[in-house]
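Hi everyone, thanks for coming.

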Amino acid sequence: MFGNIYGLDLGTYEIKVYDKKKNAIWREKNTIAIANEDEIFSVGDEAYEMFEKAPDNIEVVFPMKEGVISHFYDMQYLLNNLLKKERHFARGSKYIVAVPTDVTEVEKKAFFDLVVHSTAKAKEVNVVERAVADAIGIGLDIQNSPGIFISNFGGETTELSVLASGGMVLNKLVKTGGAMLDNAISSLVRHTTDFLIGRLTAEKLRQHFDVFDEKTDTSMEVAGRDLITGVPQQKEISVNLVRAAVKEPLAACIREIDLLLERTPPEVRKSIEMNGIYVTGGLAHMKGLAEYIEGRTGIKAQAVKNPDVCVVEGLKQIIQSKELRKLTFSMLDENYRWMG
C-alpha cells in the first residue's frame, strides 16, 4: 500500500498541493530567504513576508523563473522543507505534477526529478499538462469537447492552450505575467514622477484600479521614496499612469492569442468561438481583464470562478478519477509522448 496521492502545481510564486487522504488543498509561497549568501534563513510564506523588507545581508529569492525551475537545488530544498513542515507527508506516496507544455524536455524533466529526488521517497511520479489540469479544474468535459481555449495568466507567464478531445492541439508560453505588469508600473511611476515604489506596492495599484474602464480617473495614495529628496513619503498615483504601464504587456498577450487562433483548425476554432476563451491564473482576478480580451479578440471571454486554483482543482479531480488519471504520464515510460 502506498502512503497517499498528492497533486503538485508548482507556480512561479506559489506552490499549491492537493492531499488526497485529507481531501484538502494547501498553498505556500515559492520563496527562500538566504542570509550571508549561503545560509537558508527561512522558506515559504515566512520568507515571502521578508520580500522588499529584508536587511542587506538577506536575499529573498524565487527558485522558479518564467514558469520553470531555474534554481534546482534551492527548489529541492524548499520542497523538502515544505514536505516536512506540519504536513507529515507519507513516504512512499504517489505524486501527479502539473507541467507546462511549451518548454524544453529538460525543463519538463526537472519537475519530475524534483519530486523523485526529494525526501518524500515517492513511490511513483506522473506528470500532466498544466492546461489539461486547468480545463478539468474549470469543470469542462475535456475528453468530449471539440475545442477549448484557455488563457492562464500567472505570476511571470501566460500559458495559452487550445485543447480538443482530451488532448493538446496548440500551446504557447508567453513570458508576460503579473510581475511584468508590476515592474512596468513601478518603472513608469519612477520615470514620470521621480517616485520609487516597490513591486508589491505596484501590485496593490494594479489590483485596486479597473485599468480597462477608460471613463475612470481616480488615484490611490501609496508609500514610496522621493528620488529627488531621498525622503520616504506618501504620493497619489493616478489610474491613468497604471493604465499606460500595463497597456503594452497586455497587448503582447492579445497578439499571441490572435496568432494561436489563426493556427487553430477550423472545426476546433468553431467550438472555441461558441464557448469562448476561459481566463484562469492569479492575474484573472484583475478587474476587467476578460472583457478586455473579448473586446480585442472579438471572442467571448470569461474569468472563471477561483481562477488561481483551477490547476490544483484539476489535479484533485484527476487523482479522484481512474478515467482522468489516464491523462497522466510517467517520464520513465519509453512511450512517453513528450520525449523526442
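**Rings that meet**

Let me start with Phe 51, which counts as buried at 14% relative accessibility; buried means under 20% relative accessible area, exposed over 50%, and partly exposed in between, with a 1.4 Å probe and protein chains only. A word on the basis: this is a predicted model, where local features need pLDDT of at least 70, side-chain atom pairs count only at pLDDT 80 or more, and totals for chains, interfaces and linings use all residues. Residues are numbered from 1 along each chain as its sequence is written, and side-chain values use heavy atoms, leaving out hydrogens and water.

Now, how many aromatic pairs are there? The count is seven, where rings of Phe, Tyr and Trp (its six-membered ring) pair if their centres lie within 6.5 Å, and planes under 30 degrees apart count as stacked, over 60 as edge-to-face and the rest as tilted. One of them joins Phe 51 and Phe 62, edge-to-face, at 5.3 Å centre to centre with 85° between the planes. Phe 62 is buried too, at 16% relative accessibility.

Another edge-to-face pair is Phe 72 with Tyr 73: 5.6 Å between centres and 90° between planes. Here Phe 72 is partly exposed at 24%, while Tyr 73 is exposed at 66%.

Back to Phe 51: together with Tyr 13, Tyr 48 and Phe 62, Phe 51 forms one aromatic cluster. And over the ring of Tyr 13 sits the charged end of Arg 199, 5.1 Å from the ring centre; this needs NZ of Lys or CZ of Arg within 6 Å of the ring centre and within 35 degrees of the ring normal.
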